[in-house]
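User: Can you walk me through this one? I'll ask as we go.

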Amino acid sequence: MVSNLIKLSLGSLFILSIYSCKGKPKYVKPIIEKKEKKVIDTCRYYAYDAGQIISNLSCKFCHLSPDVAEKDDRGWATFRGLARMDSLKIVDYTFTKKHKGWFSENGPYKTARMDTLSDCEIRNVIRYIKDSDRNIPLPGQ
Amino acid sequence: MIVNLIIMYANLIDVFKTNISMLQNQPLSGGIVAKNLRISDNGSGELTLYGDFNITLKVLDLTTDGAPSLNSLMTFTQQVITSKLRGGGYKGGISYFKYDSSKKAFDLNKNQTYSIRYSFNFSVNVIQIKMLNELKGNDFVLAVVDSIGYQFTDQQGKRHYSGGLTNGMGGPAVISYDVWKRYKYIGVHEFFHTLGLVDIEDNSKKNRLMYHLGNNTGHSISDAERGDMMQFIMRNIKDMTKSTYTNLNNNTVKLLGNFLNSPTNGFKFNQAKFR
């Protein structure tokens, strides 16, 4: 009985010693291919949609269009005047300062969609404004 | 810069002429002439604009061999424009200045959000002119040419020939006589570009007049488009407080000349007729 126990203990010790002698598996560093991150611009310009935004925001009630001058008799920028502004200035003027706060959360025109426009919509609106001064022909079928 | 100054002076001269015409009680002229303008405020954020409007579109035949079907095409175009403008239009959510009914003026110190109902009566005239000197600075014009070489690319990247071209909002329009004979609505389509509408390319909107990729299934105008045209026609709502109104001098003759002679547009026409 005792000899059996001794045999079992020695066998277990032998097996454990074999496992403990086995080398640790080598850590292989995964090869990460360095690929250039491709940014796909999904923002698509469609004049009709941009025109709808302009229409819904009723921009042209104050920024008169068409107009040959850049400012009207009140000194406000006409639509042509907006078109001749630098794009960054339009963003700042229109979408950041939001017309003296009129279109901000607490402004009188807080229900207007201006605050909820996506970056893509803002870009397209700016292109629409700029295009209005570029004499781009409007083709019919 | 110099061109801008010239245009500004031309515009000022036009304003003086209009004012003198009004003082002398002479008939006003131009693409848009309006009388009996008035505003009604319902006190609950809705303004209704009233007025009697004359819209005139002058057609200039610049084809080499003449255009025998021109009269019937012009009659058709006049009828369609009239029917599309009938009933006025509506625009909601307009951020503007508060209207003071007692003073019949807008208060530039107070803001108000309005719905605007356009209740305009329209009389539309599509008339042919024989000579270039019959064209004035604030007229609308549709020049008819032999052909147009200009091609455009749609959203899917497909190239298309143009049957008509319009030089931006308020600008002159040019159409190919052959295309006009085949597609009678193109005269209206181009004129509505002049009145501020843009092209539609959605396949789901083939029933719309402003769809421009061919095979239209209809020729409808949406309420939003009608509202936009009304807004173009009465571009400065403040002018509603005057009793009469004409559209801005857009220097039509000069614009048409530049547009016709721009090589990128590829217009073929009888040069001798444009003098």
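**Helix first**

Analyst: Helices are DSSP runs of H or I, at least four residues, and strands are runs of E, at least two, numbered from the N terminus. This is a predicted model: local features need pLDDT of at least 70, side-chain atom pairs 80 or more, while totals for chains, interfaces and linings use all residues. Residues count from 1 along each chain as written, chains are lettered from A and ligands numbered from 1 in written order, and side-chain values use heavy atoms, without hydrogens or water.

User: Which residues of α2(B) are buried?

Analyst: Among them are L70(B), L73(B), F76(B), V80(B) and K84(B). Buried means under 20% relative accessible area, exposed over 50%, partly exposed in between (1.4 Å probe, protein chains only).

User: And what follows α2(B)?

Analyst: G87(B), with a positive phi near 90°.

User: Switching topic. How many aromatic pairs over all chains?

Analyst: The count is 16. Phe, Tyr and Trp (six-membered ring) pair with centres within 6.5 Å; planes under 30 degrees apart are stacked, over 60 edge-to-face, the rest tilted. One of them, Y96(B) with F97(B), is edge-to-face, 5.3 Å centre to centre and 65° between planes.

User: Is F97(B) buried or exposed?

Analyst: F97(B) is buried, at 2% relative accessible area. Y96(B) is buried, also at 2%.

User: Which cluster do ring pairs make?

Analyst: They link F61(A), W76(A), Y96(B), F97(B), Y99(B) and F106(B).
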